[in-house]
Amino acid sequence: MVAAPGPMALRRVGAAAARSRGIPTTPTRGILTTPTRGILTTPTRGILTRAAPPRPRGPLPRTPWTTRGPPPEELARVVERRPVREQVELDTITYAGRQHYVPGLARPRFPPWDRGWHDPWHSPGPRCEEMPLYKERGCYICHQGVRMLEGVRQAQWLTKTKLVEGLPPPVLGIVANPAHRLEEHEEGVKRAISHARFWDTTEVAPRREHYCPVLFEDLIHLCRLMSVKYPSLTRRMLARNYKIAATWERESILLQVRGLNGILMNSVSPIPPVASKEEILATEGHVLETFYPISPTIDLQEVNVYQELNHTGFRDGYPFSHPHTLFFLESANIRPKRFRPEQLRAKMLMFAFGNALAKAKVLYGNDPKVLEQPVVVQSIGTDGQLFQFMVFQLNTTDLVSSDGIKNLVWIDADQNLYEKAQCIPEVKKRVVTKPAGIYGFQPDTFKKFLALYLHGTV
Amino acid sequence: MAAFRGRRLLWHGRCWFSQTESAVSSQPPDSLYPPIVASATAKSKAAKRRRLEHFHQRVHAAASIEEKLRLYGQLQRPKYVVYPQTFALNADRWYRSFTKTVFVPGLPPGAVAPEAAKAPEPGAAAPGAGKSPEPSAEAAPNLDMGELRSLACDALLQESFYQNKKRPFLYRDQDHTPGPFLTQLVSTLAAFLCGRNPLLAASSLDLKPEVNYYWHHGEEVVVHGHRKGRVDPVRFQIDDNPHLQIRVPKQLPEIVPLDSDLGDVPVIDHKPSKLPLFKRQYENKVFIGSKVADPCCYGHTQFHLIPDKLKRERFLKINLEDQIEVLYRANGVASLFAWTAAQAMYQGFWNEADVTRPFVSQAVVTDGRYFAFFCYQLNTLALTVETIQNNARKNICWGTDSQPLYDVVEDGNVKGFNDEVLLKLVRFLLNRPKEL
């Protein structure tokens, strides 16, 4: 089932079509984009509609037919900035001396009251410029609330990564290997979905905040039970509420990945590199996609008070020192509070990169170089129904220039575990049209989940 | 209100008449008159008995378990809310009297998993063989204590030492380290042991589930209000939130036969409100952690975390050292009674249809460092005034005192690790029916 193209996709298609027609691409934000001939009809909720003329967003283009007069820069220069009262000097005589309001006199402005001594409970704190960690050069931080405009493309540019569609061959090999007998788990997965979506609450239907983590826990429980067959799977540990810190520089922009992100599964031994040497050398010729005029640091939080820190979140001597998989759960009830799939994939890429970079700096030092033993970190993101799988391989910590060997990421996007979970039977005119249950169960999604879990020990 | 009930009963009464005609055999078959029974709507004791009979018939004849539970808890009245984790003094005696439970100190000898039947595995035999000459309380030869100890220590060290965490939030120390440690420990142990216990392989692990049970026990006179002077059953409700629980599709085996008598149930002459217990009126819920449709409808083990306001230091500060064990026991008895009784109701039993087989579950109550283990066998659900008269069965709870798992965590090392506590925990997880 093809999903309806969202506004981002429409804009990109419009811009791409305009580019192919030779028209100079206008910036995608706030500019009219006429829909291409390829999208005459836009299916929304199963009803086909014709594309309406796009609403103008933002200021209109300055053409002779839309505005009159000089351009805004000139107007701003000419316009007086001071308020009228100040210009006419109406406020010189105030009723401050009279100690009460007098109609006709101006309102006095008193200087702010000074306590005379420093009260820590009532002091506003040092200004940004006076804080000890203040630096002139700004740093752009990616944290768990950052929703990048350009999604995976932006994350790719920031992390100097080449994208490969689909999961890497070793993981696909685990999926296809009949020796693992992944089919036996189908019943267990269906039970897990029913438990999360139907049975786990005293209410009629649980909310996403409830069923998303429960589904994740049940799937992880199913995966952990595989340690019967593969005893080395017991050398894994889940860590919740851990904080990552990684810093790098990208073409004279200082970037950081910080803070809480998701649930990390650590393992004792690292995942072996997924791509062959030839593939890594071949990335040298790949050119990173830019999206001029949008800056690659859009939507990142710019700060001037920061610390250039590289920390994995765990102390030295931790036995489970290699990050294996990061899990992201989009469990907000309200749709605007959840990340869209594209934004979720970008977040997964950024944090997988952050974990890999912090680990690489611990292993190989802070000098930028190409790694002989690439660091591999996997990532799975879900909102309770849709799964995004990602395998990231860090090949180099030399990220300042955009040439040279790049990192690799394999993304398998938008895998549905099931189409619909009907809690209450749908009844139309006293006839049950859709009985309660799970519809459209796809076992492949769980096979990939399990394959990513087993990757590295099998 | 009475008129509505009367009319409804009359309508139901007409349907019921047709049923009783076939049921009553004392009337001669050629009688022209319907059976002579007491009125169903009069303000008399006979009428009340008939209405009660009718209600029991409806519950017995309910089409599904959900319908039965709905009818059972249909009438809402003020009820005592029983909290398993309570600071009340000597609460475990009160809870035992409410639930007709006998407390037996120590764990039952049958709780040891049947290890002798399994052949020893080659890899794990070597470290275990050194321990096998010890008395039978030790692990069976094929349990690798070193491996289990390292799993437990890894979980503990990760949560308390290696992971960078901020300071715990005010009065939320339990969510900072002991809670995550318990979750990690149980999930890794369950995964490690599922090879030896196939029941764990089919189990379902719930994090922070809800367990509710509603029951009647004893009688009281209504003190004030428009129903003043009437004799009412005393209603109780437990709403429990264990930290973790394991539910399984097959029932645990019984520990002792159904009619065993291992002690006395304490009798308390005071009203429950003296404990203190308070009354509230809200939905009467019966829930084991998931709905009736779930195949994992029997309980295996629950794990409870003592909250911050009931920690040991607070009891020691106000000179109530003996109440620490009372807290653990009360938690074990109340939580396990609620869980096992709810499991029994999910199978269709209730106080008029008493259980025909005992329901067994286990619980571990901990505050992160001290662990107490409890086993519960539910032999009877019949606790109401009418049904308790001829009922000689008692529910039984075995329990230990709380023992520390470790002394202190210092610089990446766990000092004073106690293997016995870990062994008891592992034995609990390995418990399974005999045929598996």
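**Exercise 1. In which loop of chain A is Pro293(A) found?**

Solution. Pro293(A) sits in the loop between α8 (277-282) and β9 (301-305) of chain A. Helices (H or I, at least four residues) and strands (E, at least two) are DSSP runs, numbered from the N terminus. The peptide bond from Tyr292(A) to Pro293(A) is cis, with omega near 0 degrees.

A note on conventions. This is a predicted model, where local features need pLDDT of at least 70, side-chain atom pairs count only at pLDDT 80 or more, and totals for chains, interfaces and linings use all residues. Residues are numbered from 1 along each chain as its sequence is written, chains are lettered from A and ligands numbered from 1 in the order in which they are written, and side-chain values use heavy atoms, without hydrogens and water.

**Exercise 2. Check the span of helix α7 of chain A.**

Solution. Start with the rule: the expected span is 1.5 Å times one less than the number of residues. Helix α7 (residues 208-224) has 17 residues, so it should span 24 Å. Its end C-alpha atoms are 24 Å apart, which agrees. Then look at cover. In α7(A), 14 of the 17 residues are buried (under 20% relative accessible area; exposed is over 50%, partly exposed in between, with a 1.4 Å probe and protein chains only).

**Exercise 3. Is Lys429(A) buried or exposed?**

Solution. Locate Lys429(A) in the loop between β15 (426-428) and β16 (431-434) of chain A. Its phi is near 55 degrees, a positive value in a residue other than glycine. Its relative accessibility is 81%, so Lys429(A) counts as exposed.

**Exercise 4. Which residues touch the most other members of the largest nonpolar core?**

Solution. First, the term: a nonpolar core is a set of buried Ala, Val, Leu, Ile, Met, Phe, Trp, Tyr and Cys residues joined through side-chain atoms within 4.5 Å. The largest core has 161 residues, and Tyr95(B), Tyr213(B) and Trp215(B) touch the most other members. Helix α11(B) gives the largest share, 15 residues. A second, separate core of 48 residues includes Met226(A), Phe389(A), Val391(A) and Leu452(A).
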